[in-house]
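Q: Can we go through this one together? I'd like to start with helix packing.

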Amino acid sequence: MDRNAELTNAFLRLGFGFVEIGTVTPRRQIDNLRPFRLEADEGVINRLGFNNEGAPAALARLAARARGGGVTGITGVNIGANRDSTDRAEDYVRLIETFAPVAGYFTVNVSSPNTPGLRDLQQANALDDLLARIVDARERVRARSGPTPVLLKIAPDLTLSELDDVVGIARKRGIDGIIVGNTTVTRPASLREREKAKEQGGLSGRPLFKLATRMLAETFVRAEGAFPLIGVGGIDSGPAAIAKIKAGATLLQLYTGLVFRGIGLLSEIKSDLVAALKRGHRSSLASMVGVDAAEMTAESWPS
Ligand SMILES: Cc1cc2nc3c(=O)[nH]c(=O)nc-3n(C[C@H](O)[C@H](O)[C@H](O)COP(=O)(O)O)c2cc1C
């Protein structure tokens, strides 16, 4: 939600363990399509195509923040290609070179449904080429900026055979993690706001939870511990956060839950996580990561 890196410190001060800015594109890109709520479903549909001021503006803010000291914390930079780019892979490479000095990690966003053709970068050949160039850029900037992990953010709408390819390629290329995932273009049968749901765009929030959590579990069993996963999609309570961890998430992100629940959701989730640790006599959440994944992949597909 912070495409232009204006709120980084504010979010860290609220108590998040890390924040992610973006999606940032090399050049400024503006559109005026506003997201809208499916109130009864606690979901949001958005058609925003990387509405952002462009890399120089976000970089200037992150650089000023780095110089200013004060609030510290991990800040990821989520990168994407301009809609009218003639070489999309080159956009990602340039953004890694640009942001390496200020990025805690990179998210390679190839899964927004709102930039026509972007999701095609998840297809095996295109993804293999893209990740080869990206990993090359990650290694080039290492000498100057130190190691910067690169994570791939995928769509929850991949087929399982596409997911086989994506995870296989990510492992082969040495990607540092996968984020599962972005918004869905599907519309679950359970939606109550049927008319609004007919609108085009990416659906997020509670109606996305089951699909995104299932895809997370599917990714976990394929990754076999090669890298950590970030679970995102429909987290709006402590139990939802715990379910994501058990499906395979080492880290969590949320957006739409804040729209409906407000910022109090953050402390609610954190107290529920602490309570879950105490109940299970555990000293760390790490031992819960992925414990339900295999079982979840045997369930019937969420509809
Ligand atoms: C209004 C809106 C704008 C979004 N913009 C981006 C974006 O620029 N880049 C991105 O990777 N994901 C974007 N997302 C997707 C979210 O980061 C997240 O993956 C998705 O909404 C699922 O999580 P949630 O159910 O907690 O919202 C956007 C979501 C919403 C609702």
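A: First a convention: axes are lines fitted to C-alpha atoms, for helices over the stretch in contact, and angles run from 0 to 180 degrees between N-to-C directions. Helices (H or I, at least four residues) and strands (E, at least two) are DSSP runs numbered from the N terminus. This is a predicted model, where local features need pLDDT of at least 70, side-chain atom pairs count only at pLDDT 80 or more, and totals for chains, interfaces and linings use all residues. Residues are numbered from 1 along each chain as its sequence is written, and side-chain values use heavy atoms, with hydrogens and water left out.

Q: At what angle do the axes of H7 and H8 cross?
A: Roughly 25°, for H7 (residues 209–223) and H8 (residues 238–247), and the axes come within 8 Å. The two helices are therefore roughly parallel to each other (angles under 35 degrees count as roughly parallel, over 145 as roughly antiparallel, 65 to 115 as roughly perpendicular and the rest as oblique).

Q: Which residues meet there?
A: From H7, Phe-209, Ala-212, Thr-213, Leu-216, Ala-217 and Phe-220; from H8, Ala-240, Ala-243, Lys-244 and Ala-247. Contact means heavy atoms within 4.5 Å. The residues of this contact divide into 8 nonpolar, 1 polar and 1 charged (Ala, Val, Leu, Ile, Met, Phe, Trp, Tyr, Cys and Pro count as nonpolar, Asp, Glu, Lys and Arg as charged, and the others, Gly among them, as polar).

Q: Changing topic: is Asn-78 buried or exposed?
A: Asn-78 is buried, with a relative accessible area of 4% (buried means under 20%, exposed over 50%, partly exposed in between, with a 1.4 Å probe and protein chains only). Asn-78 lies in strand E4 (residues 74–79).

Q: What is Asn-78 in contact with?
A: Leaving aside neighbours within four places in sequence, the contacts of Asn-78 are Glu-20, Ile-21, Gly-22, Thr-23, Val-24, Thr-107, Asn-109 and Lys-153.

Q: And Ala-197, where is its place?
A: In helix H6 (residues 194–197). Ala-197 counts as buried too, at 8% relative accessibility.

Q: What does Ala-197 touch?
A: Not counting residues up to four places away in sequence, Ala-197 touches Leu-38, Ile-45, Arg-187 and Leu-191. Ile-45 is 152 residues from Ala-197 in sequence, yet C-alpha to C-alpha they are 7.8 Å apart in space.

Q: Which helix gives the most to the lining of the largest cavity?
A: Helix H9 (residues 256–261), with 3 residues. The lining as a whole divides into 2 nonpolar, 4 polar and 3 charged residues.
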